[in-house]
Amino acid sequence: MLRTRRRLGSACLTAGLIVASCAGLGTPLDPAEADSTDGTLTVSVQRDVDRNGQYDSNIDSPQPGIKITVSDAGGKAIDGETDSNGDFVLGANDTLTGGRYFVVAEIPAALGDLVPVSESDSFQSLSTTADVTSESAAIRMGVAVRDDPPDEPGPEPAPERRAVSPPPREQEAPRFAVGDYIWKDTNRSGEQDPGEPAASRVSVQLLDSSGDVVDSTVSSASGRYLFDKLSAGTYSVRFAGIQAGFKLTASVQGGDRGQDSDPDYTGVTPPFTLGVGEANVRPTTVADEVQATYINASIDAGITPLRYAVASRVWIDLNRDGVLQPDEPGATATVSLLAADRSVVATTATDGQGRYQFTDLRAGRYRLQFSDLPAHRAFTTLRAGNAAAADSDVDPTSGLVPVFTLDQNAPNLMPAADAGVAGADFVNASLGAGLVGSYSLGDTVWRDQNGNGVLDPGDGGVPGVTVKLMDSSRQLVATKRTSRSGRYTFDALPAGVYAVEFSDLPVGLIFTTSHVGSNPAVDSDPGVDGTTGEIGLGDDNPADTSLDAGLTTPASLQAPAAAAGSGLVPAADTTLSATGGVLPGIPLAGLALVLGGAACLLHGRRRHV
């Protein structure tokens, strides 16, 4: 019993049985004589390309589209046609009964240039039998392209009474060849230029007008390929199996059809006709090294190295989350493309949207460096989030991106056309850089020698004082200690409101009077508790260097009015300093009271004398 994917209509069934009877297969078997089987019947039809009547797997090719009819002894039949491998396969089921079958192959009208190959030890007749009673069976049949098209019937010639000469010997139809050169188009011009090397081991297939493979070969070490001994007809050539890192170059770019590349991006050339007098067909010479009489030697193909690009964006990370948001603006920077050894390959600057790109790059290992950032900007958090195209890839300290690879198997590549990048085949569009505001504040803690609340020439710095930076909620942000020169700085700060607290003063020193005079660069900012007022940092005030603190001794501290240059001694101030000391006005007032009391006592005694 056999299974198939198709059934034959009643008309085809009748035709198949008639052909089987005409082939001398004998009287159909009685159904009672049929044996069941689980075997498989495979009918294979091959095109005898070299027309030698023998099957050669290296030369002959499968022939699809041949109609196959299989009938059993009981009169049931199934049919179908050969597939792209030239095969028609029937498996076991109850569609047909009996183990002996009649097999008929028919060449359809669409393949009218084919004729059967005579029966030989390689090919069986197009009408034969098969027995799968005990095991599977395979049948190979052959077809070939006819030498000459069938003659059209013409009018009967008038009889002549003179003797008829013997018919002239048929002239053999001319044979054709096609082939030329495959080269590496290193400059991507689409034309063969002097010095460009050959491309070997590229697979080449010859297709007929139906797109079926007629023959195949591989380009030689010199880049040449050939198909020889072909019949006249319409063909095309397909180039495939291109080596890694290359693609077909642009087609038909030059004015010389013998020096350009013919296949399109699919690898298939436009159809061309082999025939005497057809375009680009000429008689062969010894140098062509073919057996054909005519050749089309203009079908070339260029392959070119794949080109890559790197393109992305530098942006302002407004919310400092390390991830590019749709509303975050671009930023300016200089971007350098480096080789893996850090030698500079190219340098560019971002455009108005913060975009940069490097194109026409060969496969290899590279890295990027970002520099010349806008004032008061620093790199955001490295590789935050889960989207490679939306994070920042720059090391905040060095400004470098880690080494990355550009080749066909590298990650984060996309077609350059999809990214709107010209001059490349693939692009890595994931290497962006986010910038955040980077602000600072600070200045000096100094010794106010004369206690006037003003930093005068000769007032030196005070080292070792603790300086605490607090945010608007009075939460501690950072802590520093003043240097040997009394200086301190808090940098790389985000925009915000801050205050500074000074503590751990040297023994015997207190804060001098704050905010004396009109120049904030030389006054003292903390109050008696050591804390400054709030100060805002941002683009309007990116670096504040006016937060000074003056320290003096209680004895040197001048009252605010005196410090302001009034020359008057102010009334006693009962405000205590941050260290708990008594302001100088208080002892002076006490001394005045004591002197006053003594004078009264002396006056009283004198009155009693």
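By class, four nonpolar, two polar and three charged residues line the largest cavity (Ala, Val, Leu, Ile, Met, Phe, Trp, Tyr, Cys and Pro count as nonpolar, Asp, Glu, Lys and Arg as charged, and the others, Gly among them, as polar). The model is predicted, so local features need pLDDT of at least 70 and side-chain atom pairs count only at pLDDT 80 or more, while totals for chains, interfaces and linings use all residues. Residues are numbered from 1 along each chain as its sequence is written, and side-chain values use heavy atoms, with hydrogens and water left out.

The lining of this largest cavity consists of Arg47, Ser61, Pro62, Gln63, Pro64, Asp208, Asp212, Val213 and Val214. On a 1 Å grid over the protein atoms alone, a cavity is a set of points where a 1.4 Å probe fits but cannot get out, whereas a pocket is an open set with protein on both sides within 12 Å along at least five of seven lines; lining residues have an atom within 4 Å of a point. The volume of the largest cavity is about 40 Å³ (the space filled by probe spheres set on the points, which are joined across faces, edges and corners). At least two of its lining residues come from each of β2 (61–62) and β13; strands (E, at least two residues) and helices (H or I, at least four) are DSSP runs, numbered from the N terminus.

The largest pocket has a volume of about 1100 Å³. Its lining has 40 residues, and Val145, Arg175, Leu230, Ser231 and Tyr235 lie nearest the centre. Two or more lining residues are given by each of β9 (137–145), β13 (213–218), β14 (227–230) and β15 (233–240). With four residues, β14 gives the most. The lining of the largest pocket divides into 16 nonpolar, eight polar and 16 charged residues.

A closer look at one residue follows. Thr350 sits in the loop between β23 (344–349) and β24 (355–361). Is Thr350 buried or exposed? Thr350 has a relative accessible area of 11%, so it is buried (under 20% relative accessible area, with exposed over 50% and partly exposed in between, for a 1.4 Å probe and protein chains only). Its side chain reaches the backbone oxygen of Ala331 at 3.2 Å and the backbone nitrogen of Ala333 at 3.1 Å. Leaving out residues up to four places away in sequence, Thr350 touches Val314, Ala331, Thr332, Ala333, Val335, Arg355 and Tyr356 (heavy atoms within 4.5 Å).

How values were computed
A polar contact is a pair of N or O atoms within 3.5 Å; within protein, one must be able to donate a hydrogen and the other to accept it, and residues adjacent in sequence count only if both atoms are side-chain atoms.
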